[in-house]
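Subject: Structure handover

Hi,

Here is the structure, sequence included. My notes follow below it.

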Amino acid sequence: MLAGEEASIEIVQRWLQRRSSDEIETGSSSGSPGARAGRRSSLALTPEDEPLVDVANRSPPPSHIPAALFYAPPEPLELLCVFPERASRVCAAACNAAARAGGESRAVRGPREALDAFRRDADARIPHVVVIDARQPQLMDPTLLARAIRGMKNTQHVILVAVVKKSAYLKDDFAVIPYLEAGFNRVMVETLGATAWCAEMLQARAAAATTRAHVGAVAALTAATDRCRDLVAVTDDQQRILLTNKSWCRVVGWRPEEAPRPLTEAVSGEALRLAASGVRDWEAPVLIRRRAAPDPVLLPCRGSSVTLNKNTSHVVFVCEPSNAMDCERARGSLHSIRRGSLDVRSVASDGLRRTSLAKLQGLPLEAPITKVISLLSAATDGAPPSTIACIDRAVDMLRTSELYSPQMREDPKMRAEDPIATDLIGALLSREQVNSNIFYMQGATNVLSSRRSSNDSTVVRSQANRTNMKHKTTGQLREVLDTALSWEFEIFRLEDLTRGRPLTHLGLTLMGGRFDVCSTLECDERTLLHWLTVIETNYHAVNTYHNSTHAADVLQAVAFFMEKERLKMLLEPLEAAAALISAAAHDIDHPGTSSAFLCNSRHSLAILYNDVSVLESHHAALTFKLTLNDDRVNIFKNLDRDTYKSVRHNVIDMILATEMTKHFEHLAKFVNVFYAKSNGSKEDNMNTDEPLSLDTTALTSPENVVLIKRMMIKCADVSNASRPQKFAFEWARRIAEEYFLQTDEEKAKELPVVMPMFDRATCSIPRSQIGFIDYIIIDMMEAWAAFIDMPELVNHARNNHQRWRELDEAGVTTIADVKRAQRQNAIQSAPNSTSQPTAEE
Ligand SMILES: Nc1ncnc2c1ncn2[C@@H]1O[C@@H]2COP(=O)(O)O[C@H]2[C@H]1O
């Protein structure tokens with residue numbers, strides 16, 4: 001090395017070292033933004049003195065971009081020299097300078113070895129700087145090599161330096177452009193000077209580090225956008241898309257590798273105008289067209305323009321996904337569910353919402369449904385658009401709260417073929433109050449009072465006082481009550497023998513006797529008697545179906561079910577007591593018309609309960625009101641606070657479970673929890689012909705026992721269709737009569753007719769029963785019968801179904817026809833008997 005060169009290197013080194021140590025001693029800042037940059041010199045020779053991050057920060061990013069983002073791990077300089085001549089002194093000078101700068105260097109002679117350095121399996125590290133001899137194009141074409149290097153992966157941040165002859169460089173026609181076009185970053189005049197090469201190495205290292213830091217920062221931000229749920233698109237100032245994140249591609253249906261395209265291909269709306277106007281930050285809805293979905297979606301969008309030297313360089317669009325799409329795979333928390341339901345109208349309040357949702361996210365709340373949604377969403381990864389569209393639809397459905405509530409499809413075929421069943425099932429299951437035009441009569445009267453018999457409007461205490469405390473019964477009544485735990489229990493005989501007070505007598509027998517509810521509740525038998533009397537009195541004797549005989553029937557069914565081994569083992573005495581109380585009181589004060597009728601007639605109960613579960617809410621509330629109102633009636637008065645709370649909770653839950661609009665919800669939950677298909681899956685257990693097998697592990701969980709109790713009272717409530725034929729027929733006649741009365745009243749009061757087919761002049765009772773058994777009874781009774789091991793439930797239902805079919809084919813339609821058939825049945829089944837099965841006869 002020449003003495004002059006050595007001297008100049010030393011000068012640079014000393015100058016650098018002094019600056020560096022000064023700053024370390026004083027802790028003074030170099031003026032660069034960011035904490036890391038602040039303690040370092042602006043120039044240093046060795047990598048130890050000058051971590052590359054500082055070099056990168058030498059050109060500070062705009063103030064709104066955090067400098068720390070431009071972090072790149074420090075690395076010693078890696079130099080590759082490509083010089084065709086083996087003993088090039090210029091090449092040696094460059095390598096020398098790199099070594100003095102604390103770096104490493106390699107020299108190769110031709111393009112092939114040069115390109116090898118960038119291969120994936122290359123032994124050595126990828127060079128940061130490549131110096132290419134451009135002085136003898138006849139030996140090696142430098143631009144060709146530069147293009148080849150740039151054509152390889154991960155070379156965009158490599159600094160390419162072309163070394164040209166001084167004579168060529170100084171010529172007037174020397175052009176740097178072809179070098180830049182070929183991918184070179186710099187052109188350098190040949191030199192052996194150590195200072196020049198040292199300066200070149202430092203500049204190259206700084207440039208390489210800056211590039212690497214920028215590439216790293218961009219890669220980090222791209223990864224961040226890909227991980228976020230919002231739909232992100234970045235365009236240039238002409239609204240040509242430069243980047244879209246994964247959520248965008250998935251929702252819009254674009255493939256990430258697709259060529260850039262105008263934003264307007266997928267997006268329209270106010271947002272585009274604002275973006276084009278150069279406003280820095282804006283919020284506006286955008287309409288997004290999706291490849292896999294016919295309808296565009298309207299989403300709230302926030303945007304920002306990025307300016308460089310006062311010119312817009314990029315525009316960022318961030319759209320918030322809505323219900324109609326799913327971008328929350330990775331989250332699955334309450335937060336994501338709620339966020340997913342935002343709509344455009346919520347944009348204004350979104351700041352507030354985000355804050356409170358952030359708090360929610362901190363809570364350990366996660367519903368199974370959220371996990372299911374997350375799993376489904378994850379399944380869309382890489383799926384074809386049609387699959388994504390299906391999953392999106394499924395996720396939308398899962399997000400509703402009415403998962404188990406079937407929506408009655410308007411099926412013209414079914415209506416045409418089976419209008420009565422359509423009417424009945426629609427009225428039982430639908431939460432809509434009307435299926436025809438709504439027109440109200442002014443000042444609709446209170447149905448509770450209008451159809452109530454004279455003696456059942458208030459609590460009748462005198463009767464209780466007259467009752468024999470020991471509940472001694474004799475003769476026929478005793479005989480009937482002795483069979484209180486038989487499925488053939490003569491409920492209508494009991495009704496006759498007790499003169500319309502079957503509930504009190506049966507209640508005393510079952511609750512006071514067999515199940516010893518008085519011991520469980522620590523109340524005396526007199527209180528139970530009073531309670532039963534009050535409850536029975538508050539049933540409407542004028543109702544043909546929803547009277548205290550129906551309550552007694554449901555009580556008898558619940559007691560019968562609780563005698564089955566499975567339930568005996570499962571239910572605690574308090575739960576059994578609560579079940580019997582619920583059964584006895586579950587339809588108390590039933591007006592003989594449906595909740596829909598009460599809503600349509602603007603009844604005070606519908607107003608009180610906001611048209612939601614009107615009757616069931618009333619039955620539960622009145623049960624407690626009557627019980628707690630009077631100490632002589634209060635069967636709960638000796639319970640401690642917690643026990644009372646638990647019994648109350650049980651009773652309310654069971655009474656509310658009798659609401660038919662939730663029929664499929666309760667049934668599906670029960671089946672899904674307790675039954676596995678023979679292949680082990682619990683999915684879709686209804687509507688399958690595969691045998692049901694009980695999952696006994698599910699029995700241990702208290703939440704699952706709740707499902708059993710609900711199912712028990714539900715089955716008891718409609719068990720009339722699963723009773724022996726003579727009972728089933730009588731109940732069918734009674735409920736039909738009650739439906740007809742409601743229709744009569746609706747017509748008289750010009751109210752919407754909830755079940756128009758239930759008109760006494762035209763209705764076919766057999767058909768209504770066939771529909772009821774087909775749609776409501778069979779699935780439920782099969783599940784329950786298997787659970788409690790009571791096959792006769794299904795057998796009776798099937799027999800009844802068969803008999804109704806025969807009657808239908810024989811042209812039986814009206815109540816009078818059914819009565820005749822009942823008489824016929826009775827004669828056939830007991831030719832010597834003179835007694836008739838119907839209560840009226
Ligand atoms: N045999 C039957 N035929 C038709 N509908 C019935 C029958 N038994 C019960 N229901 C209906 O099922 C409903 C169950 O809840 P409710 O007792 O409130 O009202 C009942 C009737 O509306």
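Around the ligand there are 15 residues, and V718, A721, A732, I735 and F772 come nearest. A residue counts as near a molecule or strand if its C-beta atom, placed from the backbone, lies within 6 Å of it. By class, this shell has 9 nonpolar, 4 polar and 2 charged residues. Nonpolar here covers Ala, Val, Leu, Ile, Met, Phe, Trp, Tyr, Cys and Pro; charged covers Asp, Glu, Lys and Arg; polar covers the others, Gly among them. Three helices, α17 (419-429), α34 and α35, each supply at least two residues of the shell.

Two notes on the source. This is a predicted model: local features need pLDDT of at least 70, side-chain atom pairs count only at pLDDT 80 or more, and totals for chains, interfaces and linings use all residues. Residues are numbered from 1 along each chain as its sequence is written.

The overall count is 37 helices and 13 strands. These are DSSP runs, numbered from the N terminus: H or I of at least four residues for helices, E of at least two for strands. Of the 841 residues in the protein, 39% are buried. Buried means 20 or more other C-beta atoms within 10 Å of the residue's own, exposed means 12 or fewer, and partly exposed is in between, with C-beta atoms placed from the backbone. Among contacts between residues at least 6 apart in sequence, 68% join residues at least 24 apart. A contact is a pair of residues whose C-beta atoms, placed from the backbone, lie within 7 Å.

Next, the cores. A nonpolar core is a set of buried Ala, Val, Leu, Ile, Met, Phe, Trp, Tyr and Cys residues joined through C-beta atoms within 7 Å. The largest has 112 residues, and L555, V558, A579, L580 and A584 have the most contacts inside it. Its largest share, 11 residues, comes from α35. A second, separate core of 48 residues includes A67, A93, V163 and L202. Back to A584: leaving out residues up to four places away in sequence, A584 touches L503, G507, L532, I535, A551 and L555.

Then helix α36. Its 18 residues (792-809) should span 26 Å at 1.5 Å a residue, and the end C-alpha atoms are 25 Å apart, which agrees. The expected span is 1.5 Å times one less than the number of residues. The buried residues of α36 are L793, H796, A797, N800, H801, W804 and L807. Seen down the axis, they fall within an arc of 140°, so they line one face of the helix. That arc is taken over the directions from the helix axis to the C-beta atoms. On the other side of α36, E806 and E809 are exposed. The cover over the buried residues includes α34 (725-748), α35 (765-788) and α37 (815-829).

L793 lies in α36. It counts as buried because it has 24 C-beta neighbours inside 10 Å. Beyond its neighbours within four places in sequence, L793 is in contact with S722, M781, W784 and A785.

Last, backbone angles. Just after α36, G811 takes a positive phi of about 85°. D789 is not a glycine, yet has a positive phi of about 60°. D789 sits in the loop between α35 and α36. N610, also not a glycine, has a positive phi of about 55°. N610 is in the loop between α29 (604-608) and α30 (614-629).

Best wishes

Methods:
Contact = placed C-beta atoms within 7 Å.
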